[in-house]
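Open the model in your viewer and keep the selection panel at hand.

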Amino acid sequence: EAKSFGSGHACVFQSQMQTRLTEKKSFEADLKQALRNGELEIFYQPQVNTITREICGYEALLRWFHPKRGQVPPSEFIPVAENIGLIHELGDWVLRTACMEAARWPRLLKVAVNLSPVQFRSRNLIQSVVKILTQSGLDPNRLELEITESVLLDKNEQTLETLTQLKAVGIQIAMDDFGTGYSSLGSLRSFPFDKIKIDRSFIRDVTTREDAFAIVELVTGVGRSLGMTTIAEGIETEEQFACVKQVGCEQVQGYLIGRPVPASQLDHPRQVADCDSPFEYEGLIDVK
Ligand code: C2E
Ligand code: MG
Ligand code: MG
Ligand code: MG
């Protein structure tokens, strides 16, 4: 009869919920063990000057290689780490590892590290960043912290205070994924950013859509006027490269120039002057 029909459905539903909850718990438990099990690694992706094609620095990108799940993308595990409060431990590990590795690079290139909004809001942020810098011996000027627009939505005074303190230490600040959040152009003059990273979604369409081109051109211009470095994220084609170079974008990052690679695969070119060709990267050819 109707009643048992209904409760049967409720049972199936309940067991699906149960399965999902179990899977969620097991994912969280695995993530908590990932660091100890040596499943985490930092990959580095080059950022190059559009005109000279010299490497300016590398962005540190966290990778999780799970023995059974395979490679889990950061878009899946970072939010979980934030929810279960693990992001502080993971974030500190990324920062410490990236700073220690960068301190041993033969050239004084920058290392960019992503900072979760949860980390950014932590009371201990400055303290732990300074401690890590001191322990690694990395010049603070070589560290660039990437934050997203979402931190600007918080209480502005605290945000400004934190950014000002980081700047006082000598650290560079980059605004990541610019143009995708809800902050206005006004935030660019309210906060002390050194760099604007133009989001990949605009770069994807920059050669095919006038609106995307207009935005890239505008942000580059505003950045230049405000004395900030602009970098185009997600450059995959020669055409996109030519396009952002044409509007005066200072740096590029993307698969065309180089995919993220483990630290062991970073080849540190000595100096561009030592090379026969200034184009050190596979796939990157000269564009007028
Ligand atoms: P993001 O900081 O904007 O990093 C750039 C993302 O774009 C990276 O994805 C990178 O692999 C990818 N990418 C770079 N060039 C290209 C390209 O030409 N084409 C395409 N399609 N993609 C490109 P990934 O490594 O999967 O990281 C995704 C996001 O996860 C990052 O976006 C960042 O928000 C977050 N993330 C990564 N590592 C960390 C970390 O250590 N801490 C925190 N808090 N977040 C991290
Ligand atoms: Mg980033
Ligand atoms: Mg980005
Ligand atoms: Mg992104």
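A polar contact here is a pair of N or O atoms within 3.5 Å; within protein, one must be able to donate a hydrogen and the other to accept it, and residues adjacent in sequence count only if both atoms are side-chain atoms. This is a predicted model, in which local features need pLDDT of at least 70 and side-chain atom pairs pLDDT 80 or more, while totals for chains, interfaces and linings use all residues. Residues are numbered from 1 along each chain as its sequence is written, chains are lettered from A and ligands numbered from 1 in the order written, and side-chain values use heavy atoms, with hydrogens and water left out.

**Stop 1: ligand 1**

Select Tyr255 and ligand 1. A polar backbone atom of Tyr255 is 2.8 Å from an oxygen atom of the ligand. Taken alone, ligand 1 exposes 800 Å², and the protein buries 82% of that (Shrake-Rupley areas, 1.4 Å probe).

A polar side-chain atom of Asp176 lies 2.8 Å from a ligand 1 oxygen; for Asp177 the distance is 3.0 Å.

**Stop 2: the shell**

Now select everything near ligand 1 (a heavy atom within 4 Å). How many residues surround ligand 1? There are 21, and the closest are Arg63, Asn114, Asp176, Glu236 and Tyr255. Colour them by class: 8 are nonpolar, 5 polar and 8 charged.

Next, colour by secondary structure (DSSP runs: helices H or I of at least four residues, strands E of at least two, numbered from the N terminus). β2 (55-66), α2 (74-83) and β6 (172-178) each supply at least two shell residues. The largest share, 4 residues, comes from β2.

**Stop 3: the magnesium ion, ligand 2**

Select ligand 2 and its donors (N, O and S atoms within 2.8 Å of the metal, or 3.2 Å for Na, K and Ca; water is not among the atoms, so sites may look incomplete). The protein donors are Glu59 (OE), Asn114 (OD1), Glu146 (OE) and Asp176 (OD), at 1.9 to 2.2 Å. Along the chain they follow the spacing E-x54-N-x31-E-x29-D. Distant parts of the chain are linked here: Glu146 is in strand β5 (residues 143-148) and Asp176 in strand β6, 30 residues apart.

How values were computed:
Nonpolar A, V, L, I, M, F, W, Y, C, P; charged D, E, K, R; others polar.
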